Amino acid sequence: MGIDGGPRTAVVIGAGVVGLSTAWFLQERGVEVTVVDRDGVATGASWGNAGWLSPGLAIPLNEPGVLRYGLRSLLDRSAPLHVPATPDPGLWAFLARFAANCTWKSWGRAVRANLPFNEECLEAFDVLTANGVEAPTVEAPIMAAFETPRQAVALLHELRRINESGLKIRYSAFEGEEVGRQAPQLSSRVGAAIRLDGQRYVDPGHFTRSLADAVTARGGVIRTGFRVTEVRRDAGGLTVVAGGEDGGREGDGVRADAVVLATGAWVNRLGRPWGVRVPVRAGRGYSFTVPTDEPVPGPVYLPAVRVACTPYQGRLRVAGTMEFRDADAPLYQRRVEAIIASARPLLTGVSWEERTDTWVGPRPVTPDGRPLVGAAGARGVFVAAGHGMWGLTHGPITGRMLAEQITTGKQPDALRDFDPTR
Ligand SMILES: Cc1cc2nc3c(=O)[nH]c(=O)nc-3n(C[C@H](O)[C@H](O)[C@H](O)COP(=O)(O)OP(=O)(O)OC[C@H]3O[C@@H](n4cnc5c(N)ncnc54)[C@H](O)[C@@H]3O)c2cc1C
């Protein structure tokens, strides 16, 4: 421990955007960090996601309409929401808890709890990119597209509620021919659109790797192929122990004053012994990249089919699906085909057959729309996980707030509703 009682050293488990952001902001406060990952940097959800930094849309998932939608989806194998018909009692218990949270009251609580994160998340990115993280964020509006003006009503309603909660977002709605003028990449099937201003996007894999490079450049150590099986406490402090499976270094251990569990959708495995009882399940999403006839100027959102498209290295990254399956299950080609079938009629000039980079990754989903950020049930052990659909947008601000708590011992107000032992 340092002379002020704060930790001198920390191990962060998980080299995704959340773990690396926490490591960077801990370094900012003078803590020596080691980051360990069972695979490598950005090998979980932080690589192939849609790359949106979108405080205006970082809305919790447990919106009441999702329930009706979810029940309908259970009967449709090509629906964007997919729950495999397997006898997994843990999954069904999670979904029951999730369903119980699909009320305006619980959703409103999650919206209010996420408000400080949404207000400060872009600034936290600016701190990183102004101080050595070599990955630019790009400002661009998000264009949400609908076949009919009626389909746009639900999103307009949500945006109004978000504005009432205190987060001021600018948006405008279009119909008919104006849609084509605003967004030529949308097909003639699209009859209405909502443009959300003040949003940004990044290349998420590049951003996460640049963040790792910055942590290393500031003296941090990143150890990959290090699968943690246990976090142990003894009189001398905490030890993070690696196991032998899949390239883990059996018997290897790293000691530190503080440990941060930033293992995304896998957090329950290490967190349970430390009092983390909120279940986190993998809501797996898929993505791939396609060439387009014309460059697409900014992100496109297709809410009816739950697809997000983003300019990516001169092409378009297309992301979608929420599949509640084990985080480590293989990629199912059928889900990719379902995304294409749903998005193809709404976009023009896309070469769907020339897709590359097909990917699946696990969103760490909690049942109440709130992440787990803060102290676990034992001194020195902390959690930063469970950000669901918005862990990229909220990664840096999570790191900044948690580093403050770890080094000062005081919980920032903004983290009160994210207590991992709730
Ligand atoms: C298709 C899709 C689109 C998305 N689009 C967006 C978007 O546009 N904007 C946005 O904000 N968010 C988006 N998200 C969500 C976002 O990707 C996640 O919330 C975020 O990446 C979570 O980051 P993380 O660091 O918590 O987890 P991860 O990136 O999954 O990192 C966790 C790490 O922990 C490691 N690990 C696990 N267990 C162990 C262990 N025992 N020992 C050592 N290491 C371990 C893993 O290898 C992994 O690298 C999207 C997600 C998906 C799937």
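Which polar backbone atom is 3.1 Å from an oxygen atom of the ligand? To answer this in the viewer, select Leu392: a polar backbone atom of this residue lies at that distance from a ligand oxygen. The model on display is predicted.

Keep the ligand selected. Taken alone, the ligand exposes 1,000 Å², and the protein buries 97% of that. Next, select Asp37, where a polar side-chain atom lies 2.6 Å from an oxygen atom of the ligand. Then proceed to Val17, which places a backbone N or O atom 3.3 Å from a ligand oxygen.

Now display the whole shell. The ligand is surrounded by 37 residues, the closest being Asp37, Ser46, Gly388, Met389 and Thr393. Coloured by class, the shell shows 18 nonpolar, 14 polar and 5 charged residues. Helix H1, strand E15 (281–290) and strand E19 (356–365) each contribute at least two residues to this shell. Strand E19 provides the largest share, with 4 residues.

The next selection is helix H10, residues 395–408. The 14 residues of H10 should span 20 Å at 1.5 Å a residue, and the end C-alpha atoms are 20 Å apart, in agreement with that value. Of these 14 residues, 11 are buried, so H10 is largely enclosed by the rest of the structure. Among the buried residues are Pro396, Ile397, Met401, Leu402 and Ile406.

Finally, select Gly409, which follows H10 and has a positive phi, near 80°.

Note on methods. Residues numbered from 1 in each chain as written. Predicted model: local features only at pLDDT ≥ 70, side-chain atom pairs only at ≥ 80, totals over all residues. Heavy atoms only, no water. Expected span 1.5 Å × (residues − 1). Buried < 20%, exposed > 50% of the residue type's maximum accessible area, 1.4 Å probe, protein only. Near = heavy atom within 4 Å. Polar contact = N/O pair within 3.5 Å; in protein donor to acceptor, adjacent residues only side chain to side chain. Areas by Shrake-Rupley, 256 points an atom, 1.4 Å probe, with all protein chains shown as cover. Nonpolar A, V, L, I, M, F, W, Y, C, P; charged D, E, K, R; others polar.
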